[in-house]
Amino acid sequence: MKHIQFISLIILVLTLTSFQKTAPEREFYQLKTYVLRSDKQVEATDKYLKEAFLPSLKRMGFKAIGVFKPIKNENDSIKKIVVLIPFSSMNQFLNLEEKLSKDKTYLTAAAEYLNTSYKEPTFKRIESILLKAFPDHPTLKPSGLNGPRANRVYELRSYESATEAYYKNKVAMFNAGGEIKLFDRLEFNAVFYAEVISGAKMPNLMYMTTFDNQESRDTHWKAFSNSPEWKALIAMEKYKNNMSHIDFTFVYPTEYSDY
């Protein structure tokens with residue numbers, strides 16, 4: 001009997017060890033936003049990203065790099081290009097600039113951008129947000145949309161909380177509470193859900209959902225708001241007041257974005 005129990009214990013340990021090894025690690029993401037003053041700066045930054053930066057990252061083994069531009073409205077005065085870079089580890093993020101500095105092909109392709117005069121910079125400023133993927137969505141999933149890129153609506157949302165405790169509660173609502181599962185059921189084509197670990201609006205989380213067009217986006221959100229799962233979630237006392245502010249940005253993928 002003891003021999004059988006010992007064998008059973010060994011099998012259990014091996015099973016748990018195997019599960020731990022195969023469970024996907026949570027990725028890190030950098031949202032790198034180039035803030036631009038003019039069409040000339042947009043053109044220069046586009047060229048740099050398309051011909052130098054992204055090709056270098058691909059040579060390093062990076063995949064699924066997103067490059068987006070805001071969907072304009074009549075009130076827009078600031079031009080932006082948003083780059084979403086997935087990292088398998090913090091070390092990969094920390095070592096990126098050093099690797100770029102040793103990539104001769106990159107340095108040649110990026111020479112015009114890197115050596116621009118201070119009198120005519122290629123951007124106004126670069127903003128950066130560092131994130132860590134949610135447990136229930138540990139790796140980035142590029143959108144499978146196939147429609148014209150200019151028509152697509154990619155919605156980037158930021159949810160801020162009044163305190164760290166309320167923030168953790170909102171993160172739990174997405175994961176254990178089932179909010180991610182609801183988005184999946186309604187086919188929101190989410191690219192990522194992540195905690196902001198370094199940014200200007202902490203504590204906050206961010207995520208990106210994708211749609212063929214504005215009409216599809218509006219229809220999906222109506223279905224979400226009317227769903228019994230969402231109505232049950234927002235009625236729960238434990239999830240009350242876990243958000244203090246929401247920002248959302250509509251963007252579309254550039255022609256050289258991976259998705």
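Which strands run in the closed barrel, and with what pairing? The barrel has eight strands, in the order β1-β3-β2-β8-β5-β7-β6-β4, and the pairing is antiparallel. Direction ignored, neighbouring strands of this sheet are turned by 35° against each other on average. Strands of a sheet pair through backbone hydrogen bonds, either parallel or antiparallel.

The model is predicted: local features need pLDDT of at least 70, side-chain atom pairs count only at pLDDT 80 or more, and totals for chains, interfaces and linings use all residues. Residues are numbered from 1 along each chain as its sequence is written, and side-chain values use heavy atoms, with hydrogens and water left out.

A few terms come first. Helices (H or I, at least four residues) and strands (E, at least two) are DSSP runs, numbered from the N terminus. Two strands pair if DSSP finds at least two bridges between them.

Start at β8, residues 245-253. On one side, β8 pairs with β2 (residues 66-70) in the antiparallel sense, over three bridges. Here Pro 70 has Val 251 of β8 as its bridge partner. β8 is also joined to β5 (residues 153-160), by seven bridges, and these two run antiparallel. Leu 156 has Thr 249 in β8 as its bridge partner. Val 196 in β6 stands opposite Leu 131.

α2 touches β1, β2 and β3, where contact means heavy atoms within 4.5 Å. The direction of α2 makes about 15° with that of β3. Helix α7 (residues 164-174) touches β5, β6 and β7, and its direction makes about 30° with that of β7. For such angles, axes are lines fitted to C-alpha atoms, for helices over the stretch in contact, and angles run from 0 to 180 degrees between N-to-C directions.

Next come two helices that meet each other. Two packed helices are described by the angle between their axes and the distance between the axes. The axes of α9 (residues 214-226) and α10 (residues 228-235) come within 5 Å and cross at roughly 55°. α9 and α10 are therefore oblique to each other. The cut-offs are these: angles under 35 degrees count as roughly parallel, over 145 as roughly antiparallel, 65 to 115 as roughly perpendicular and the rest as oblique. Phe 224, Ser 225 and Asn 226 of α9 meet Pro 228, Trp 230 and Lys 231 of α10. By class, this contact has three nonpolar, two polar and one charged residues. Ala, Val, Leu, Ile, Met, Phe, Trp, Tyr, Cys and Pro count as nonpolar, Asp, Glu, Lys and Arg as charged, and the others, Gly among them, as polar.

Now turn to the pockets. On a 1 Å grid over the protein atoms alone, a pocket is an open set of points where a 1.4 Å probe fits, with protein on both sides within 12 Å along at least five of seven lines; lining residues have an atom within 4 Å of a point. A volume is the space filled by probe spheres set on the points, and grid points are joined across faces, edges and corners.

The largest pocket holds about 730 Å³. Its lining has 26 residues, and Lys 80, Glu 127, Leu 156, Lys 201 and Thr 249 lie nearest its centre. β8 supplies the largest share of this lining, four residues. The lining divides into 12 nonpolar, eight polar and six charged residues.

The second largest pocket has about 390 Å³. Of its 15 lining residues, Lys 40, Ala 44, Glu 112, Thr 116 and Thr 122 are the closest to its centre. α2 gives the most to this lining, six residues.

Two backbone details remain. The peptide bond from Met 202 to Pro 203 is cis, with omega near 0°. Pro 203 sits in the loop between β6 and β7. Ala 64 is not a glycine, yet has a positive phi of about 55°. Ala 64 lies in the loop between α2 and β2.
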